[in-house]
Amino acid sequence: MKKIISVVGARPNFMKIAPLHKAFQLHKDFCRHIICHTGQHYDKNMSTIFFDEFDLPEPDLYLGVGGGTHAEQTAKIMIEFEKICVVEMPDLVIVVGDVNSTLACSIVAKKLCLPLAHIEAGLRSFDRTMPEEINRIVTDSISDFLFVTERSGMINLSNEGIPLNSVFFTGNLMIDCLVNLAKKIEQSTILESLKLTSGEYILVTFHRPSNVDDRDKLFRFFEFLNNLSATCKVVFPIHPRTRKNLDERESGFSISPNIILTDPLGYLDFQSLTRYAKLIITDSGGIQEESTFLGVQCITIRENTERPVTTEEGTNHLVGTNLEVAYETAKQILTGKIKEGRIPELWDGKASGRIVSTIMNLI
């Protein structure tokens with residue numbers, strides 16, 4: 001009986017581990033799958049609500065590290081996760097994505113000479129000012145097994161000298177989650193609650209520190225949203241970081257009544273809003289993938305993306321950080337000038353099965 005520990009810490013991790021855990025449960029004779037929650041996200045709407053929505057069991061292990069600077073948080077996770085690994089001595093540690101928990105637990109695992117798998121490996125923005133990019137590069141460089149969501153990841157890892165016999169193109173767990181929970185998403189009443197009509201609103205997420213920590217940038221972004229809201233309702237589930245910055249500086253902002261600000265939403269409600277939006281505006285990563293799978297137009301306000309398949313094959317428009325360009329792109333989309341996209345290779349809801357089958361042959 002093998003012992004496998006999967007690490008979750010922040011919101012994007014839960015939707016990747018959920019289908020993986022479900023797939024492992026089909027092979028209980030092969031392994032015991034242990035979920036370790038670092039507590040990197042500790043707000044209920046950013047964390048524990050997902051265990052309920054995904055039918056995940058309570059985490060077997062909870063580190064409760066909370067917030068702090070990147071260094072503080074990473075250090076606290078490493079200290080606590082090392083204690084777990086020394087006791088459990090798993091046959092495999094699995095990390096997903098690119099958050100601080102991913103980096104911290106990867107380093108601990110390899111310092112203890114434990115086999116390490118990274119799911120969502122090989123994604124690169126080539127922008128090392130992004131903390132996530134550092135986490136991705138370091139984690140990939142020390143992982144034993146690397147599971148890739150799109151072809152660009154294979155190319156990036158090959159260019160970095162990663163042996164291709166340790167790299168596996170298996171598809172996207174985020175899409176597995178969407179497929180598995182499609183019926184539950186359909187049952188969401190969030191549109192009725194917010195008095196929205198399908199296809200007649202813009203969904204917005206904006207949370208990167210480089211975008212929301214600067215008063216002038218935040219003011220300009222809300223001015224941009226105010227202009228868009230003149231012709232279309234705007235729904236903005238606001239990240240705690242953005243809310244904090246807005247509250248601290250709200251005297252300088254005038255927000256249109258056509259902009260609906262909500263607290264962070266659970267997965268089911270948010271995916272319902274995503275599915276029926278006319279347009280999504282974001283600075284996130286995963287939303288680029290979800291909108292591509294659902295065929296919803298997405299504007300990404302960033303200079304780069306680590307998920308190029310969403311722009312090359314999908315419905316994502318990478319417009320940079322010039323809000324005038326973003327506004328013109330949004331106007332064109334709202335008047336029907338859309339990008340026709342297609343679902344990328346292996347984004348079929350079966351990635352978790354491929355990953356688990358591969359792991360069973362590796363350890």
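Student: What should I know before we start?

Tutor: This is a predicted model, where local features need pLDDT of at least 70, side-chain atom pairs count only at pLDDT 80 or more, and totals for chains, interfaces and linings use all residues. Residues are numbered from 1 along each chain as its sequence is written, and side-chain values use heavy atoms, with hydrogens and water left out.

Student: OK, Val179 then. Why is Val179 called partly exposed?

Tutor: Buried means under 20% relative accessible area, exposed means over 50%, and partly exposed is in between (1.4 Å probe, protein chains only). Val179 has 36%, so it counts as partly exposed.

Student: Where is Val179, and what does Val179 touch?

Tutor: Val179 is in helix α7, residues 173-180. Helices here are DSSP runs of H or I with at least four residues, strands are runs of E with at least two, and both are numbered from the N terminus. Leaving aside residues up to four places away in sequence, Val179 touches Phe293 and Gly349, where contact means heavy atoms within 4.5 Å. Its C-alpha atom is 9.1 Å from that of Lys350, which is 171 residues apart from Val179 along the chain.

Student: How do you know that α1 and α7 are roughly perpendicular?

Tutor: Their axes come within 8 Å and cross at roughly 70 degrees. Axes are lines fitted to C-alpha atoms, for helices over the stretch in contact, with angles from 0 to 180 degrees between N-to-C directions. Under 35 degrees is roughly parallel, over 145 roughly antiparallel, 65 to 115 roughly perpendicular, and the rest oblique. So α1 and α7 count as roughly perpendicular to each other.

Student: Which residues meet there?

Tutor: On the α1 side you'll find Pro12, Met15, Lys16, Pro19, Leu20 and Lys22, and they meet Leu173, Met174, Asp176, Cys177 and Asn180 in α7. That contact divides into seven nonpolar residues, one polar and three charged. (Nonpolar covers Ala, Val, Leu, Ile, Met, Phe, Trp, Tyr, Cys and Pro; charged covers Asp, Glu, Lys and Arg; the others, Gly among them, are polar.)

Student: What makes a set of residues a nonpolar core?

Tutor: Its members are buried Ala, Val, Leu, Ile, Met, Phe, Trp, Tyr and Cys residues joined through side-chain atoms within 4.5 Å. In the largest core, with 41 residues, Leu20, Phe54, Ile94 and Tyr267 touch the most other members. Helix α1 (residues 11-24) gives this core its largest share, seven residues.

Student: Why is the pair Phe206 and Phe221 called stacked?

Tutor: Rings of Phe, Tyr and Trp (its six-membered ring) pair if their centres lie within 6.5 Å; planes under 30 degrees apart are stacked, over 60 edge-to-face, and the rest tilted. The whole structure has seven aromatic pairs. For Phe206 and Phe221, the centres are 3.7 Å apart and the planes at 5 degrees, so the pair is stacked.

Student: What about Lys195: buried or exposed?

Tutor: Lys195 has a relative accessible area of 66%, so it is exposed. Lys195 is in the loop between α9 (190-193) and β8, and has a positive phi of about 55 degrees although it is not a glycine.
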